[in-house]
Amino acid sequence: MSGTAGVPAGVCAVVLAAGEGTRLRPLTERVPKALCPVGNVPLLDRALARLAGLGLTGPGRVAVNACYLADQVVAHVGDRAHLSVEPGDPLGTAGGVANLRDWIDGRPVLVGNADAYLADPSAPPGPDVAALLDGWDGHTVRLLGQPAPDPTAPGTFDGYCFTGFSLLPWRLVRDLPVVVSDLVRALWRPAEAAGDLEVVPYRGTFYDTGTPADYLTANLHAAAGGVLVDPSAAVTGRCVESVIGAKARVDGDVRRTVVWPGAVVRDGERLHDVIRFGDGCTVPAAAHG
């Protein structure tokens, strides 16, 4: 099997963007996690750009699921991908894929988590995860991973931690029930037990952005140790190792801080290791050392 940019022929992709992002509250009370900006780019756009880098674009090849604050996700995606809106509560990673069975329709599927931040200085988005697809036999389950600090810890796969992308054969997707379920228990562990799971190493940087600390760290990584300021922001204060969003206003001093689009840091305020959203709303987010 061969396809565009090393993608096996017929492969489609699903970006999982239905989650509530409860660990990021209150940031996610009004904005779904998939649309939270990292380096002034919504996480979902980063995922779609990575797929585009593999030659996977458009509603025939790429699907996005939505549930929590689904209207925002639907409006943001527009006609860039097929949209699967889940009624009620999110179906989970496996249930979300199962709900797209008719769209997947016999194809292998590359599944990515919208909240996964990946960056490899040696390869652009797309080619940086191409090893996940290279030489695939169409039978095994493949996971992108990085060596775990403790290879024996629960949640690891062959000593690796999952880093946001998996490749699934249709033979397994076909039988997934449309119920609340996760890929770990529904597919990955059974494939592991059957000797049908492979982990492909990811050589770049990965954060799942699920906590304020990891979300801040991902933003600081995107800023490459400097200050990333959207051209529409107004900055009169001092900024060090920070990300300043669109139409934000910073008159105070910020250090290792993310200032969300439209947020305000007033003169006299000094922010460090936090996320500022709105006017005066702050989430502590001490980054990992």
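Modeller: Happy to, and keep in mind that this is a predicted model. Let's begin with Arg189, which lies over the face of Phe157 at 3.9 Å from the ring centre.

Colleague: What makes Phe157 count as buried?

Modeller: The cut-off for buried is under 20% relative accessible area. Phe157 has 3% relative accessibility, so it counts as buried.

Colleague: Why is the pair of Phe157 and Trp188 called edge-to-face?

Modeller: Ring centres have to lie within 6.5 Å, and planes over 60 degrees apart count as edge-to-face. Here the centres are 5.7 Å apart and the planes stand at 80°, so the pair is edge-to-face. Phe157 is in the loop between β8 and β9 while Trp188 is in helix α6, so the pair ties together parts that are 31 residues apart in sequence.

Colleague: And why is the pair of Phe162 and Trp188 called tilted?

Modeller: Stacked needs planes under 30 degrees apart and edge-to-face needs over 60, with the rest counted as tilted. The planes of Phe162 and Trp188 are at 55°, with ring centres 4.6 Å apart, so this pair is tilted. It links Phe162 in strand β9 with Trp188 in helix α6, 26 residues apart.

Colleague: How do you know that Phe162 and Trp188 are buried?

Modeller: The limit is under 20%. Trp188 has a relative accessible area of 5%, so it is buried. Phe162, at 19% relative accessibility, counts as buried too. Ring pairs link Phe157, Phe162 and Trp188 into a cluster.

Colleague: How do you know that the buried residues of α6 line one face of the helix?

Modeller: The buried residues of α6 are Leu183, Leu187, Trp188 and Ala191. Seen down the helix axis, they fall within an arc of 80°, so they line one face. On the other side of α6, Arg185 and Ala193 are exposed. The cover over the buried residues includes α3, β6, β8, β9, α5 and β10.

Colleague: One more: which residues touch the most other members of the largest nonpolar core?

Modeller: Leu44, Val64 and Leu110 do, in a core of 35 residues. Its largest share, four residues, comes from α1.

Methods. Residues numbered from 1 in each chain as written. Predicted model: local features only at pLDDT ≥ 70, side-chain atom pairs only at ≥ 80, totals over all residues. Heavy atoms only, no water. Buried < 20%, exposed > 50% of the residue type's maximum accessible area, 1.4 Å probe, protein only. Helix = DSSP H or I, 4+ residues; strand = E, 2+ residues; numbered from the N terminus. Arc of directions from axis to C-beta. Contact = heavy atoms within 4.5 Å. Core = buried A, V, L, I, M, F, W, Y, C linked by side-chain atoms within 4.5 Å. Phe/Tyr/Trp six-rings, centres within 6.5 Å; stacked < 30°, edge-to-face > 60°. Lys NZ or Arg CZ within 6 Å of the ring centre and 35° of its normal.
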